Amino acid sequence: MFRKMTFAAALLAATAFSGMASAKTLVYCSEGSPEGFDPGLYTAGTTFDAASVTVYNKLMEFKPGTTEAEPGLAESYEVSDDGLQYTFKIRPGVKFQTTEFFTPTRDLNADDVVFSFERQWKKDHPWHQYVTGTAWEYFDGMGFPDLITNIEKVDDMTVRFTLKAKEAPFVANLGMDFAAIMSKEYADKLEADGKKEQLNQLPLGTGPFKFVAYQQDAVIRFQAHEGYYKGKEKIDDLVFAITTDAAVRLQKLQAGECHVMPYPNAADVPAMKADSNLQVMEAPGLNVAYLAFNTTQAPFDKVEVRKAIDMAINKQAIVDAVFQGAAIVAKNPIPPTIWSYNDAIPADTYDPAAAKAALEAAGVSGLSMKLWAMPVARPYMLNARRAAELMQADLAAVGITAEIVSYEWAEYLDKSKAKDRDGAVMLGWTGDNGDPDNFLHTLLGCDAVGGNNRAQWCNQEFDDLVVKAKQETDQAARTKLYEEAQVVFKREAPWVTLDHSTVVMPMSKKVTGYVMSPLGKHSFSGVDIAE
């Protein structure tokens with residue numbers, strides 16, 4: 001059960017709990033609630049920020065501000081000559097967090113690493129289905145169940161992964177959130193006590209901040225991990241004040257009730273930049289927003305219909321209204337900031353008349369459809385409701401009646417995965433490791449159908465290209481394969497590609513050391529705040 005606490009009480013307790021008059025508390029006005037606290041079960045950035053980024057570490061980590069993977073909980077690693085075995089030496093002396101709900105008796109070792117992956121991999125593992133109704137969406141969607149043939153504890157501080165085929169992004173993949181390393185000792189205690197569900201409610205890892213309390217949809221409180229292997233953080237207490245409305249987040253920021261906020265309304269950015277008490281960081285987003293058809297359901301199983309709807313939507317109008325210039329119209333499923341982007345592909349054409357004629361030629365008239373709009377702001381779509389309203393009007397102009405539907409964020413993510421889902425769902429993605437595979441295979445590969453592949457699109461020609469690219473170690477050869485895959489994607493149109501955005505991060509000028517991540521994460525490791 002989540003530990004409940006009011007926001008005001010959490011702020012008061014944050015300082016009192018540390019026992020120091022000089023305790024530093026940083027409040028982050030987060031945009032939504034986490035689905036849970038076990039990163040392996042989810043794919044949403046909101047959940048990752050509250051779980052893997054704060055509480056956990058991975059074998060590999062990404063250097064701050066880059067997509068470059070470097071050893072994290074792994075001190076070093078070796079790859080066999082045939083590219084099929086990866087042997088990781090575990091960093092000695094890494095401490096798990098001591099919390100009110102568990103006191104560890106040992107340091108990190110190989111048992112923790114094996115446990116963290118085998119629970120996702122082996123269907124007969126006692127932790128494989130410990131949360132009803134969830135799945136290992138990332139692990140499965142990336143094809144890991146078929147890729148891995150063995151995970152071996154070589155000795156207490158060494159783990160070896162053996163693969164069935166070469167996997168070019170494998171090392172970078174182990175720096176992703178689903179690969180967070182859990183405490184097997186903690187899991188064993190929960191299992192013995194009959195409280196396995198608490199692994200997803202009361203998280204415990206090796207990361208920079210330890211979990212203290214969560215009041216659902218209101219506040220999450222963390223405290224600096226005294227034994228963190230990189231050294232204790234400068235912030236003593238970290239509070240996530242869950243604030244779904246961007247205007248309210250701004251009000252709190254201006255009032256000093258929070259120190260950092262994500263995803264401001266585009267219209268508010270000029271005023272933020274003019275505010276002498278604020279600093280505003282900006283960076284191109286490694287992201288894409290899209291509208292995914294369910295390509296298994298009529299009439300969206302017809303490419304002619306999908307292309308007609310694409311032509312009916314004025315994407316530039318969405319970019320102008322929602323981002324006010326801080327985004328570009330997307331033509332490919334990967335952003336132009338990532339290698340292998342195929343710029344030779346022609347941009348989509350906004351042509352309502354041609355769209356209407358194409359629908360008539362396909363025998364479609366009087367179509368009614370569901371248009372799913374996200375309930376929260378995301379870096380790739382700051383205002384999904386506004387975007388949906390614009391698309392609704394565009395579709396009405398070509399004879400399509402679109403009903404806008406939405407759900408609470410966790411429910412939205414869950415329902416939109418259903419293979420029999422109706423209509424078209426608005427979503428997006430920020431790359432998790434800087435590799436094109438993380439977009440093309442993770443979101444559109446056959447392995448991801450029923451999970452991250454919201455289009456339920458399994459195209460063998462496309463899938464063969466992206467799988468071959470994963471197994472190719474030469475980047476030039478991989479680039480050619482990904483360029484071909486983008487051509488297939490464009491021809492088949494399983495998505496309406498909407499935009500790639502610039503990410504804006506406003507914060508108090510008292511905050512120092514914050515580094516924007518191209519991977520869209522919000523990390524407060526290394527951050528300080530003036531008294």
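Author: Let us start with a term: a residue is called buried when its relative accessible area is under 20%, exposed when over 50%, and partly exposed in between, with a 1.4 Å probe and protein chains only. By that rule, buried residues make up 58% of the 531 residues in the protein. Please keep in mind that this is a predicted model, in which local features need pLDDT of at least 70 and side-chain atom pairs count only at pLDDT 80 or more, while totals for chains, interfaces and linings use all residues. Residues are numbered from 1 along each chain as its sequence is written, and side-chain values use heavy atoms, leaving out hydrogens and water.

Reader: ok, and how many helices and strands does the protein have?

Author: There are 18 helices and 19 strands, where helices (H or I, at least four residues) and strands (E, at least two) are DSSP runs numbered from the N terminus.

Reader: Which residues of H8 are buried, and what do they pack against?

Author: In helix H8, which covers residues 184-192, the buried ones are Glu185, Tyr186, Ala187 and Leu190, and the buried residues of H8 pack against helix H4 (110-121), contact being defined as heavy atoms within 4.5 Å.

Reader: Switching topic, where is Asp435, and is Asp435 buried or exposed?

Author: Asp435 sits in the loop between strand S16 (424-430) and helix H16 (437-444), and with a relative accessible area of 9% Asp435 is buried.

Reader: Which side chain does Asp435 make a polar contact with?

Author: The partner is the side chain of Arg478, at 3.0 Å; a polar contact is a pair of N or O atoms within 3.5 Å, where within protein one must be able to donate a hydrogen and the other to accept it, and residues adjacent in sequence count only if both atoms are side-chain atoms. Leaving aside neighbours within four places in sequence, Asp435 is in contact with Pro169, Ile338, Trp339, Arg478 and Tyr482.

Reader: And Met374, where is that, and what does Met374 touch?

Author: Met374 is in the loop between strand S14 (368-372) and helix H14 (384-396), and Met374 is buried, with a relative accessible area of 4%. Not counting residues up to four places away in sequence, Met374 touches several residues, including Tyr380, Trp409 and Leu427.
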